[in-house]
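Visitor: I am new to this structure. Could you show me how to read a few of its features?

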Amino acid sequence: MKPLKEPAFLRLWIAAFFSETAEWMLQIALPVFVFRATGSAATTALSIVLGLLPAVLLSPVAGVTADRWNRRLVLCVVCAGQAFVALPLLFVASGGPVFVIYAVMAGQAGLASLFEPARNALVPELVGPDELTGANGLMSINGSVARLVGGWAGGLLLGFGGLGWVVVAYLGVLAIASALLARPFRRAAAPVAAGPHEPVVKAWLDGLREIGREGRLRVAGFVVVLTSLAQGMFLVLFVVFVLDILDGTEGDVGLLRGVQALGGLVAGFAVATVARKVAPAALLGWGGLALGLLSALIWNLPALTASLGVYIGLFGLVGAPGVLAGSGLLSLVQTAASPERSGRVLSTMFAGMAGFTALGALLAGGLVSVLGNGVLLNVQAGLHTASALIVLGVLASGRLRRDAVLAVPRSE
């Protein structure tokens, strides 16, 4: 827990909690609202895709923004912008057309594409290099609690008060995050000097070449492709799984998404304390393997039972390997990328996540009526498992360790 002794990191940590809580409220509420309004898995998938594509299109701008401008200020402005973009949802809540949700999700995704690279590139400036993995573990704890609180609140408020209640709560939570980010940070390390103001596309391509040069980043990119396809499939199929296969409610959707935070909390504490010195690639490989195997168990269990209590326990458990794998992936990218290009590398990774998540959602939405939910959910679990086995194989070969030893800071 040493990173929490740094006041600047502590404030960023708390602000990130409120920001992620707000994000989870909409991530749960909007797809469920669309599915209930249209009854179509394909339409639900379309809404998810339209909420992801801006992150891909804005990747060059997001990465250069994170490397060129004050990262704290970027985060503060993004939180305020997300609150403004969400206001049209009040019109939908009062009877407006559902398609407005698509525009809101696109706007939210575009702003989120600026937030994530700036936040994750800022963390190494606020803590010492030896505490980076621990700091990422603490951020994972935030994500887990935010998933629990935001997912539960989004589903509950939608079920009992409608979309309007969700939006009002969302705006209030974002206002707190913005206030926490308003004051400058006192950094543990000197901020990375901004590079020359090159054209945006040229600067972004320089960050892209960084991924091609560095073996650890290439492995991370391959993981992003497979796991993001799996995540996109999950976003669509999970709603159908709970509402149709388990015969659940909107509140159950929020509960089962949110309860993953319980396992995530345990894993986050482990990464922040006893496992903070574990190699990022090992966290990524073993965490991903456990995630894939547990997912396969969950998707095939309805043949034996549809008891909600059983799935609450299993979804709580599956949150742990998800956090281990996520922390490992983020730490691997942060340590492999050169500091002056970290924003661009991170934005490219996040753009890859968004793009392949969108592709996975489209595939799931288009194929669910042909192949069935069960087959596609097993494919989803298989993607996580295959990705993890590849990472563990490369790690066992020693290539990742050689890259880590040979890596030296690079500059222009």
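Guide: We will take salt bridges, then a helix, then a surface patch. Keep in mind that this is a predicted model.

Visitor: How many salt bridges does the structure hold?

Guide: A salt bridge needs a side-chain nitrogen of Lys or Arg within 4 Å of a carboxyl oxygen of Asp or Glu. The structure holds two. In one, Arg119 meets Glu20 at 2.7 Å, N to O. Arg119 lies in helix H7 and Glu20 in helix H1, so this pair ties together parts 99 residues apart in sequence.

Visitor: And which residue does Glu125 pair with?

Guide: Its partner is Arg71, with the closest N and O atoms 2.6 Å apart. Glu125 belongs to H7 and Arg71 to helix H5, so parts 54 residues apart in sequence are tied together.

Visitor: Is Glu125 buried or exposed?

Guide: Buried means under 20% relative accessible area. Glu125 has 5%, so it is buried. Arg71, at 6%, counts as buried too.

Visitor: What span should helix H11 have?

Guide: Count 1.5 Å a residue. The 31 residues of H11 should then span 45 Å, and the end C-alpha atoms are 42 Å apart, which agrees. H11 also bends by about 35° at Leu237. Of its 31 residues, 23 are buried.

Visitor: Which helices give two or more residues to the nonpolar patch?

Guide: The patch covers about 640 Å² of surface, with Phe356 and Val379 among its residues. Helices H16 and H17 each give two or more. H16 has the largest share, six residues. Val379 sits in H17 and, at 40% relative accessibility, is partly exposed.

How values were computed. Residues are numbered from 1 along each chain as its sequence is written. This is a predicted model: local features need pLDDT of at least 70, side-chain atom pairs count only at pLDDT 80 or more; totals for chains, interfaces and linings use all residues. Side-chain values use heavy atoms; hydrogens and water are left out. Helices (H or I, at least four residues) and strands (E, at least two) are DSSP runs, numbered from the N terminus. The expected span of a helix is 1.5 Å times one less than its number of residues. The bend at a residue is the angle between axes fitted to the seven residues ending there and the seven starting there. Buried means under 20% relative accessible area, exposed over 50%, partly exposed in between (1.4 Å probe, protein chains only). Patches are made of residues with over 30% relative accessible area and no salt bridge: like charges are joined within 9 Å, nonpolar side chains (Val, Leu, Ile, Met, Phe, Trp, Tyr) within 5 Å. Accessible areas come from the Shrake-Rupley method with a 1.4 Å probe; for residues, only the protein chains shown count as cover.
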